[in-house]
Amino acid sequence: MNTIILYSLILLFLPLAAFAINILVGKRLPRKGDWVSLSAILISFSFALSMFAYMLFIRYDPDFSVEWRWLWIDLGDFVIELGILVDNLTIMMLLVVTLVSSLIHIYSISYMKDDPRYNRYFAYLSLFSFSMLIIVLSNNLFGLYIGWELVGISSYLLIGFWFEKDSASDAGKKAFITNRVGDFGFFIGVLLFFTAVGSFNYGDIIAGVDAGAMSDGLFTAAGIALFMGAVGKSAQVPLHIWLPDAMEGPTPVSALIHAATMVAAGVYMVGRIYPLFSPGALLFIAYVGAITAFVTATIAVVRKDIKRVLAYSTVSQLGFMILALGVGGYVSGLWHLTTHAFFKALLFLGAGSVIHAAHTNDMFRMGGFKKKMPVTFWTFLIATLAISGVPGFSGFFSKDAILASALEFSFAHPGHIMLFILPLIAAGLTAFYMFRALFLTFYGEPQDKEIYSHIHESPGSMTIPMVILATITILITFDQWRGFEYLPLVGEYAGWFQHLIHEPAAIFTGAAAMAESVVGHGASEETAHTIAMWLSIFVAGVGILLAYLFYLKKSLSAEKVSKSLSSIYTLLRNKYYFDEFYGATVIRGVLGLSKASAKFDDTVIDGAVNGTATITIWLSKASRWFDDHIVDGAVNGTATVTTFFGTRLRRLQTGTVENYVSFLVVGILVFFIFQAIF
Amino acid sequence: MITVGLYHFLVVSALLFSFGLYAVMTRRNAIGVLLGVELILNSANLNFVAFARYGIFSMDGQLFALFVIILAAAEAAIALAIVLNIFNNFRSINVDEADSLRY
């Protein structure tokens with residue numbers, strides 16, 4: 001077996017083994033078994049790191065790809081294969097998942113200390129890592145679907161980890177059910193492709209569709225159905241409602257699952273099977289992404305809970321990635337996925353650190369934490385600069401690339417200019433709400449003296465992962481800095497991500513033509529890039545400036561603005577009434593249907609059953625009457641008649657021989673007389 | 001002179017049968033009953049022989065009479081054994097006392 005595949009299998013199954021150990025005997029292990037999960041994920045990480053090093057320093061090959069196919073079920077015509085596909089994208093994602101996961105494990109040791117279900121928490125983390133690695137490594141839609149559902153269940157378990165709180169268990173259920181909606185579409189998509197092609201394998205499906213196994217309309221529909229899975233898992237509008245509520249889970253979980261990795265699974269899936277989306281499906285994807293990015297960014301602006309701000313920010317950034325994939329910016333979307341994973345995990349860990357110290361999520365009760373929590377502040381600042389798109393930081397490069405892709409697309413298709421306008425505004429809003437969070441939390445005067453008096457910097461096992469993430473956040477796009485290519489030794493790696501990850505060949509001539517029109521014009525690409533860059537710097541600057549004026553200098557009053565725009569403010573405070581809308585339509589509809597079903601059950605079905613019973617009882621009674629009177633009557637009647645004659649005829653049996661002889665003689669005489677007469 | 005014909009034999013035989021039947025029906029003693037049965041058998045024998053002499057049956061009647069005599073001897077043997085058993089059970093050979101099979 002190929003070494004890469006062997007490595008992949010080891011790093012895949014180690015977390016599963018850790019999960020099994022921790023869930024079964026974790027409680028009795030020393031330190032409640034946290035070291036089992038931690039060492040499993042660290043070993044997985046070291047394998048992923050060595051694969052990454054191999055990819056970067058030895059192969060450095062854009063077309064590097066290893067596939068291992070394993071026959072799972074063979075029933076003649078019906079064959080299901082599982083398997084592993086490792087290429088540059090896989091390795092990149094493996095590194096992100098295992099690295100963030102390892103850091104979260106370390107961070108959790110302090111954060112979850114003294115929790116009564118400490119071992120179970122680590123078991124779930126391992127289960128999640130295993131499920132996520134299945135998604136990343138799978139070479140077929142079937143395996144992807146298995147991992148897809150497994151991350152769903154581990155996400156559910158971790159969101160509802162503190163299930164004593166009603167809000168947490170409700171949020172878990174909400175996340176699970178909302179995801180089911182998307183997964184249903186995803187499942188239909190998987191089956192559509194399987195029915196048409198007869199295989200789950202990515203390569204087989206792409207080849208089969210290329211050979212004309214599906215009509216254009218069905219192909220587009222199947223692509224959109226698959227994308228529904230991403231809408232659910234990556235929390236795109238209109239299924240984004242579960243992610244903000246998912247913040248009820250422990251903060252490290254929010255950082256790992258609901259910021260860095262699992263929610264990115266939808267983006268990764270779209271990237272993995274990119275050729276399966278027709279131009280029509282891609283346009284749909286682009287609009288979903290653009291609308292999500294804009295809508296959720298506006299909601300984030302008015303949140304008071306620091307984790308909710310980050311949650312909506314996550315949804316918004318995922319919208320950027322989805323948009324990028326939709327408009328043909330394959331590389332920029334996945335690049336943003338990678339950079340976002342690090343800085344968003346860092347933001348969550350920073351928020352977790354603050355919450356751990358202050359015991360509140362409300363930013364308006366914080367303020368001035370900068371002095372007392374220097375490490376948290378500096379790492380949070382770096383992540384904020386990155387996500388806001390300040391030049392030089394990772395988010396700037398990747399988000400800029402996305403905006404450039406969108407602008408190129410708009411150049412080619414001027415009718416779809418909104419695909420550029422919406423994310424541009426969202427980018428400005430991102431800078432605004434992130435700096436708003438930063439200023440409210442770390443700058444200014446302490447709003448709540450009591451909280452301020454007892455906050456303290458978090459312990460090392462929490463700050464070290466944050467420092468590591470902050471370092472990666474800066475370093476990951478270091479190669480984009482001007483002059484990097486002139487550096488000795490590492491200079492040749494300028495633009496390594498763009499070198500290694502490249503868009504797979506499209507299936508349809510239509511898609512190819514579209515990709516051509518987007519990417520092909522060198523001049524417009526250059527122009528778009530320049531325009532997009534300056535515009536994104538401009539909107540980020542405006543956003544930061546406004547946040548400064550509103551929340552730090554206080555020369556503008558947020559209250560006055562919210563009053564003068566009260567209708568918009570109310571709309572945003574209520575999150576566009578998405579929850580209320582679902583409550584009024586879907587939930588009430590389902591409840592009404594349930595009630596109707598219950599009524600139907602109670603009256604019609606129960607009525608039929610009870611009616612049958614009643615009829616049976618009546619029939620039985622009639623039958624019994626017949627039995628008692630007719631059948632028994634006949635039997636008893638026979639007996640009565642027999643007895644009647646028996647009691648009389650027995651008198652003949654006198655036991656005296658003379659009598660018998662007399663009867664005999666009399667009988668014979670009678671016969672003779674009869675004969676004589678007749 | 002009166003010639004003896006079939007008619008005379010039949011009258012004697014009928015008388016003999018009537019005496020035997022009377023003995024069977026009236027005697028309480030089992031031996032008496034047996035004697036009555038013998039009379040009945042012998043009346044039948046007399047009929048057989050008379051019909052053989054005057055009828056058209058040639059020698060068949062006499063042959064049957066011989067069979068009946070043999071049968072009567074065997075019957076007497078069995079009947080006496082039964083009488084002995086009755087006596088053992090009831091200490092009496094009165095047939096009207098051996099009535100345990102009545103209703």
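This is a predicted model: local features need pLDDT of at least 70, side-chain atom pairs count only at pLDDT 80 or more; totals for chains, interfaces and linings use all residues.
**Overall form of chain B**
- Taken along the principal axes, the box filled by the C-alpha atoms of chain B is roughly 55 × 25 × 25 Å.
- Of its 103 residues, 13% count as buried, and among the contacts in chain B between residues at least 6 apart in sequence, 45% join residues at least 24 apart.

**Contact with chain A**
- On the side of chain B, 10 residues are in contact with 11 residues of chain A.
- The residues of chain B that touch chain A comprise 6 nonpolar, 1 polar and 3 charged.

**Helix H1 of chain B**
- Helix H1 (residues 6-26) of chain B has 21 residues, which at 1.5 Å a residue should span 30 Å, and this agrees with its end C-alpha atoms being 30 Å apart.
- The buried residues of H1(B) are B:Ser13, B:Gly20 and B:Val24; they cover an arc of only 40° around the axis, which puts them on the same side of H1(B).
- The cover over these buried residues includes helix H26 (657-677) of chain A together with helix H2 (30-54) of chain B.
- On the face of H1(B) turned away from its buried side lie the exposed residues B:Tyr7, B:His8, B:Val11, B:Leu15 and B:Tyr22.

Key
Residues are numbered from 1 along each chain as its sequence is written. Chains are lettered from A and ligands numbered from 1 in the order in which they are written. A residue is buried if 20 or more other C-beta atoms lie within 10 Å of its own, exposed if 12 or fewer, and partly exposed in between; C-beta atoms are placed from the backbone. Two residues are in contact if their C-beta atoms, placed from the backbone, lie within 7 Å. Ala, Val, Leu, Ile, Met, Phe, Trp, Tyr, Cys and Pro count as nonpolar, Asp, Glu, Lys and Arg as charged, and the others, Gly among them, as polar. Helices (H or I, at least four residues) and strands (E, at least two) are DSSP runs, numbered from the N terminus. The expected span of a helix is 1.5 Å times one less than its number of residues. The arc is that of the directions from the helix axis to the C-beta atoms.
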